[in-house]
Amino acid sequence: MANKFHNPKTVSFSGKYSLGAEVPAGAKLFYVSGQVGVDSKGKLQPTFEKQAEQVWKNIAQVLKSGGMSYKDIVKVTVFLTDSRFVGPYREVRDRFIKDAPYPASTLLIVAGLADPAMLVEVEVVAAKG
């Protein structure tokens, strides 16, 4: 049985996400810690867009190590340090999460991350039956 995504017509929403995600019994769950815009050499990317892109590249590598891919993501939690980054973040995300069904998603604006130069952090949960 595959993951099932829920978007009841009785709840308003707009965007490329699902309101709920159901994981079948016995599915392998995979939790990816919050990823930031630091490359494999430990260098923080210089702009918001480059940090966001690096975040999704890092997520891909962690998922791959667990035998999963973007299509297995059921939940995304995003932390941005400025509401002005919402649009640019979505543009970057859409290059990596391209097709429906989209994962459930939460986006938060926070006062800061572990390093003041970090502008975005994303954690995901993936599941595979």
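**Figure 1. A search of the whole structure turns up five aromatic pairs.** Rings of Phe, Tyr and Trp (its six-membered ring) count as a pair if their centres lie within 6.5 Å; planes under 30 degrees apart are called stacked, over 60 edge-to-face, and the rest tilted. A quick note before zooming in: this is a predicted model, where local features need pLDDT of at least 70, side-chain atom pairs count only at pLDDT 80 or more, and totals for chains, interfaces and linings use all residues. Residues are numbered from 1 along each chain as its sequence is written, and side-chain values use heavy atoms, with hydrogens and water left out.

**Figure 2. Here are Phe 48 and Phe 85, a stacked pair.** Their ring centres sit 4.2 Å apart and their planes meet at 10 degrees, so the pair counts as stacked. Phe 48 belongs to helix H1 (residues 48-65), while Phe 85 is in the loop between strand E4 (73-80) and helix H2 (86-96), so the pair ties together parts that are 37 residues apart in sequence. Helices (H or I, at least four residues) and strands (E, at least two) are DSSP runs, numbered from the N terminus. Phe 48 is buried, with a relative accessible area of 4%. Phe 85 is buried as well, at 17%. Buried means under 20% relative accessible area, exposed over 50%, and partly exposed in between (1.4 Å probe, protein chains only).

**Figure 3. Next up, Trp 56 and Phe 96 form a stacked aromatic pair.** Centre to centre, the rings are 6.5 Å apart, with 15 degrees between the planes. Trp 56 is in helix H1 and Phe 96 in helix H2, so this pair links distant parts of the chain, 40 residues apart. Both Trp 56 and Phe 96 are buried.

**Figure 4. Stepping back, the protein chain has two helices and six strands.** Along the sequence they come in the pattern β-β-β-α-β-α-β-β. The radius of gyration, taken over C-alpha atoms, is 15 Å, close to the 14 Å that the globule rule (2.2 Å times the number of residues to the power 0.38) gives for 129 residues, so the chain is as compact as a globular protein of that length. The C-alpha trace spans about 40 × 35 × 25 Å along its principal axes. Of the 129 residues, 39% are buried.
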